[in-house]
Amino acid sequence: MFQLIRCYITRYRVEGIIPESTSKLSDFLQKPENRVTWDKSLKVYNMLLVDFPAYPSSSNYIRGCNHACGHVCSPLQENPAYSKLVMFVQTEMRGKLAPSIIEATMPSNLISFLLNVKDGVKTHKIPSGRGCHHNGHSLFLKKK
């Protein structure tokens, strides 16, 4: 017997200009142990490996799958002391969560993440290359 299950994979791309060099920004983002200090959406950050057969579905959790996701840091051509951060997220939420809920919440969550990165870089006082100032936030969100 075959069963057709409709999957809702939603793809997002979000871009932002971060006032930090590419190498320092990459180092900052690659330290998950520090993420709870700057990412306002997290209270605790733990990495888990879940074997689905050992953990049956529960109404207490929403299961989902993040497909190929990541970020790219590249120097800003106009000012190499700044970085362009591009994040790619492909998420597939399962269960009874309506796709409209994901559509309503993911864009603002991704933009909040970039704003948290920008503020976190300032808060953690990573020595910047040239001491330049950048006023305002430059963020772009594109749904694929």
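User: Before we get to the helices, what makes a crossing left-handed or right-handed?
Analyst: A crossing is left-handed if the near helix is turned anticlockwise from the far one by less than a right angle, and right-handed if clockwise. Keep in mind that this is a predicted model.

User: Fine. Which hand does H1 passing H3 have?
Analyst: The crossing of H1 past H3 is right-handed.

User: And at what angle do H1 and H3 pack?
Analyst: About 110°, with the axes of the two helices 11 Å apart. H1 covers residues 22–29 and H3 covers residues 99–123. Angles of 65 to 115 degrees count as roughly perpendicular, so H1 and H3 are roughly perpendicular to each other.

User: Which residues make that contact?
Analyst: From H1, Leu-25, Phe-28 and Leu-29; from H3, Phe-113, Val-117, Gly-120 and Val-121.

User: Switching to the strands. What does S3 pair with on the S1 side, and how many bridges are there?
Analyst: S1 and S3 run antiparallel and are joined by 10 bridges. One example is Tyr-12, whose bridge partner in S3 is Val-89.

User: Is S1 mostly covered or mostly open?
Analyst: Mostly covered: S1 spans residues 9–18, and eight of its 10 residues are buried.

User: How many bridges between S2 and S3?
Analyst: There are 11, and these two strands also run antiparallel. S2 is residues 64–76. Gly-70 has Phe-88 as its bridge partner in S3.

User: Now Ser-83. Where does it lie?
Analyst: Ser-83 is in strand S3, which runs over residues 79–93.

User: Buried or exposed, and why?
Analyst: Buried, because the relative accessibility of Ser-83 is 0% and the cut-off for buried is under 20%.

User: What does the Ser-83 side chain reach?
Analyst: The backbone oxygen of Glu-20, at 2.6 Å.

User: What else does Ser-83 touch?
Analyst: Leaving out residues up to four places away in sequence, Ser-83 touches Gly-16, Ile-17, Ile-18, Glu-20, Ser-21, Thr-22, Leu-25, Ser-74 and Leu-76. Leu-25 is also one of the H1 residues in the contact with H3.

User: What other contacts does Gln-90 have?
Analyst: Beyond its neighbours within four places in sequence, Gln-90 is in contact with residues including Ile-9, Thr-10, Cys-65, Asn-66, His-67, Ala-68 and Cys-69.

How values were computed. Residues are numbered from 1 along each chain as its sequence is written. This is a predicted model: local features need pLDDT of at least 70, side-chain atom pairs count only at pLDDT 80 or more; totals for chains, interfaces and linings use all residues. Side-chain values use heavy atoms; hydrogens and water are left out. Helices (H or I, at least four residues) and strands (E, at least two) are DSSP runs, numbered from the N terminus. Buried means under 20% relative accessible area, exposed over 50%, partly exposed in between (1.4 Å probe, protein chains only). A polar contact is a pair of N or O atoms within 3.5 Å; within protein, one must be able to donate a hydrogen and the other to accept it, and residues adjacent in sequence count only if both atoms are side-chain atoms. Contact means heavy atoms within 4.5 Å. Two strands pair if DSSP finds at least two bridges between them. Axes are lines fitted to C-alpha atoms, for helices over the stretch in contact, and angles run from 0 to 180 degrees between N-to-C directions. Angles under 35 degrees count as roughly parallel, over 145 as roughly antiparallel, 65 to 115 as roughly perpendicular and the rest as oblique.
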